[in-house]
Amino acid sequence: MEPLYQTHVELTMEEYKRYHNALRGRQLIALVLVAEVLFLLLGLIYQDWIAWVILFIAMVLLPLILKYSLNRQLLGEYRSNQFQRGQRSEIFFYPDHLEKRAVSSILQVQYRQIYRIVETKTNFYIMLSRNQGIIIVKANCLPELIGFLTQLKNTVKEQRL
């Protein structure tokens, strides 16, 4: 059977970071904001100038330390995935399913099995579960495929409701 659409993706570290940020970015921002508010409340409780200096330093360092540790964790995860790291995958879209073909595997997914589809400015992420997805780079897609994925996203969203 001939596919309706086709695209490709190469899993680079940059794409892996985008994927992670699209799925977990809001949670991390919320965590930092809650911590920053708690630091401010502590500053109001302890009205000593030394406490304010310490809390200010903690407020500045927390996001930096969190970003550094998260980037190290992501780099370690990326390097440990030897089967997908740097590998080019071809993704084919058929009327009732999609196929992701790589050197090491072939994955077939019925559209009704899709957990959800996340769209960003640069990518679509076809989520098969809460923590497993297929990256689609919009720059590698024809406008017809982007329209198809947008329609599929709306269909998957309606099925979840």
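Student: What makes β5 and β6 a hairpin in this model?

Tutor: In this predicted model, a link of 3 residues joins β5 to β6 as a hairpin. The two strands run antiparallel to each other.

Student: How do you know that β5 and β6 are paired?

Tutor: Pairing takes at least two bridges between two strands. There are 4 bridges between β5 and β6 (residues 123-129), so the pair meets that cut-off. You can find Val-118 opposite Tyr-125 of β6, and Arg-116 opposite Met-127 of β6.

Student: And what joins β6 to β7?

Tutor: Here 6 bridges link the antiparallel strands. With at least two needed, β6 and β7 count as paired because they have 6. Phe-124, for instance, has Ile-136 in β7 as its bridge partner. β6 and β7 also form a hairpin, with 2 residues between them.

Student: Which order do the strands take in the sheet?

Tutor: The order is β5-β6-β7 in an open sheet of 3 strands with antiparallel pairing. From one strand to the next, the twist averages 20 degrees.

Student: What makes β6 largely enclosed?

Tutor: Look at how many of its residues are buried: 6 of the 7 residues of β6 are, so the rest of the structure largely encloses this strand.

Student: Which helices lie across the sheet strands?

Tutor: Helix α1 (residues 13-45) lies across β5, β6 and β7, at about 70 degrees to β6. Helix α3 also lies across β5, β6 and β7, and runs at about 130 degrees to β5.

Student: Where is Lys-138?

Tutor: Lys-138 sits in the loop that runs from β7 (132-137) to α3 (143-160).

Student: Why is Lys-138 called buried?

Tutor: Its relative accessibility is 17%. Buried means under 20%, so Lys-138 falls into that class.

Student: Which residues does Lys-138 touch?

Tutor: Leaving aside residues up to four places away in sequence, Lys-138 touches Glu-119, Thr-120, Lys-121, Thr-122, Asn-123, Phe-124 and Ile-146.

Student: How do you know that Lys-138 and Glu-119 make a polar contact?

Tutor: Their side chains are joined at 2.8 Å. The cut-off for a pair of N or O atoms is within 3.5 Å, where one must be able to donate a hydrogen and the other to accept it. The 2.8 Å between Lys-138 and Glu-119 is within that limit, so the pair counts as a polar contact.

Technical notes. Residues are numbered from 1 along each chain as its sequence is written. This is a predicted model: local features need pLDDT of at least 70, side-chain atom pairs count only at pLDDT 80 or more; totals for chains, interfaces and linings use all residues. Side-chain values use heavy atoms; hydrogens and water are left out. Buried means under 20% relative accessible area, exposed over 50%, partly exposed in between (1.4 Å probe, protein chains only). Contact means heavy atoms within 4.5 Å. Axes are lines fitted to C-alpha atoms, for helices over the stretch in contact, and angles run from 0 to 180 degrees between N-to-C directions.
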